[in-house]
Amino acid sequence: MAKLSTDELLDAFKELTLIELSDFVKKFEETFDVTAAAPVAVAAAGPAAGGAAAPAEEEKDEFDVVLESAGDKKIQVIKVVREVVSGLGLKEAKDLVESAPKALLEAVGKDAAEAAKTKLEEAGAKVSLK
């Protein structure tokens, strides 16, 4: 198998959707028995710093946007899902909406999560942030 350069790998990752990239990271972690270094370092530094407040603040920085149900306006929700989740085609968006409850966005910032939730709720969907 040909060895890919760092730039070639980054270009390949840019073409993936967030969900595909998240699945890749999970498989990578399972295959090589590793986890993301940043959360481990923060968790280890938290108790050493003298309190549990630091890890609690970290957890609130990232949210998952979960589509609970499409509601009555399924077509409108599919359109908004295509806006919110980059790189989705019509079929992929439809499959996501029909498989609710399903995480649409994972580990996004509070502002992005709130904006996505607002757009989806305006289209008639039931959404939760976790």
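Predicted model: local features only at pLDDT ≥ 70, side-chain atom pairs only at ≥ 80, totals over all residues.
Residues are numbered from 1 along each chain as its sequence is written. Local features need pLDDT of at least 70 and side-chain atom pairs count only at pLDDT 80 or more, while totals for chains, interfaces and linings use all residues; side-chain values use heavy atoms, without hydrogens and water.

**Aromatic residues**

The structure holds three aromatic pairs (ring centres within 6.5 Å; planes under 30 degrees apart are stacked, over 60 edge-to-face, the rest tilted). Two of these pairs are listed here.

| Pair | Centre distance | Plane angle | Class |
|---|---|---|---|
| Phe 24 and Phe 28 | 6.0 Å | 40 degrees | tilted |
| Phe 28 and Phe 32 | 4.8 Å | 45 degrees | tilted |

Phe 24 and Phe 28 lie four residues apart in helix α2, about one turn, and Phe 28 and Phe 32 are likewise four residues apart in α2. Helices are DSSP runs (H or I, at least four residues), numbered from the N terminus. Together with Phe 13, these three residues form one aromatic cluster.

Relative accessible area is 36% for Phe 24, which is partly exposed, and 40% for Phe 28, also partly exposed. Phe 32, at 53%, counts as exposed. Buried means under 20%, exposed over 50%, and partly exposed in between (1.4 Å probe, protein chains only).

**Second largest pocket**

The lining of the second largest pocket includes Thr 17, Ile 19, Glu 20 and Lys 102. α2 (18-32) and α6 (90-98) are the elements that give two or more residues to this lining, and α6 gives the most, with three.

A pocket is an open set of points on a 1 Å grid over the protein atoms alone, where a 1.4 Å probe fits, with protein on both sides within 12 Å along at least five of seven lines; lining residues have an atom within 4 Å of a point.
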